[in-house]
Amino acid sequence: MEMPQHGPGHVHVIGEVGGIDRLEPLDAYQGQVVDLVRASLAAGVDALDVSRAVADANDSLTRRLLGLAEAHLGPPPCRYVWLALGSHGRREQVLSSDQDSAIAYETVRPHEEPAAHDYFTALAELVVAALARAGLPLCDGGYMATNWCRPLDEFGRLFRGWIDQPQPDALLKAEVFLDVRACHGDLMPDALDRILLAGGARGPFRVQMARAAVTFRPPHGWFGRLRTRDSKLDVKRGGTAAIVLLARLYALIARSTEHSTVLRLQAAS
């Protein structure tokens, strides 16, 4: 598949990120991304390509901050991976997207676990705070590496629980994790994709995923018009959320590990 060309603005933002060696330049980051989006849309770049460019810039920023945090804290005690979740995991970020992340690290011996957890929690605190300073809002639901930092095997058990005993409420809360993508680190989270693919072959999991998707309904009013609240329309809750969830479901049924919605829909078709 041919990759989109994001243009010189995209390259410039990522180049600027690569040179960050202290916190002060982060104050200008959001403005640079806004300029990137404005220039891309004015040039007629497809909106989906623009959202991928935003996600790429945020990937680069996250990797740079993780490198700086590691230099401050010392080498990691074991292999780990910074996981991009939700819209970041799908590379479908917009300017208002908040932080969705987790840290998974390899299982260590029991007596080494407290030190490993303390290290990666400290790493998460430094990076999450720096991302917030750069203009990426904290997640209201708490789905950030500061709260979700644990061994990869534990994430595996969590995923298997969602598949073995799928409950609509639990799946709605788990949705942000089902778009998991490696952003940085040398520990591969492929096992999580394999668990999700296994779930795509199980009827009860499919049914509950579908039920979770159709809880999001377009706000139709009289004569097919869209209802608004205070002259505002929640496009995510009333429109795109159901599409994202259904695309994920049908891609899993098609045994696809694609992460973005459009590629999932193509795999499902």
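View 1. W148 and F177 make an edge-to-face pair, 4.6 Å centre to centre with 65° between the planes. W148 sits in the loop between α5 (113-133) and β3 (149-151), and F177 in the loop between α7 (168-174) and β4 (181-185), 29 residues apart. Helices (H or I, at least four residues) and strands (E, at least two) are DSSP runs, numbered from the N terminus.

**View 2. F155 and F177.** Which kind of pair do F155 and F177 form? Their ring centres are 6.3 Å apart and their planes lie at 45°, so the pair is tilted. F177 is buried, at 2% relative accessible area; buried means under 20%, exposed over 50%, and partly exposed in between (1.4 Å probe, protein chains only). F155 is buried too, at 1%.

**View 3. S40 in helix α2.** S40 belongs to helix α2 (residues 29-42). Is S40 buried or exposed? Its relative accessibility is 8%, so S40 counts as buried. Leaving out residues up to four places away in sequence, S40 touches V45 and V50 (contact means heavy atoms within 4.5 Å).

**Reading the views.** Residues are numbered from 1 along each chain as its sequence is written, and side-chain values use heavy atoms, with hydrogens and water left out. In this predicted model, local features need pLDDT of at least 70 and side-chain atom pairs count only at pLDDT 80 or more, while totals for chains, interfaces and linings use all residues.

Methods: Rings of Phe, Tyr and Trp (its six-membered ring) pair if their centres lie within 6.5 Å; planes under 30 degrees apart count as stacked, over 60 as edge-to-face and the rest as tilted.
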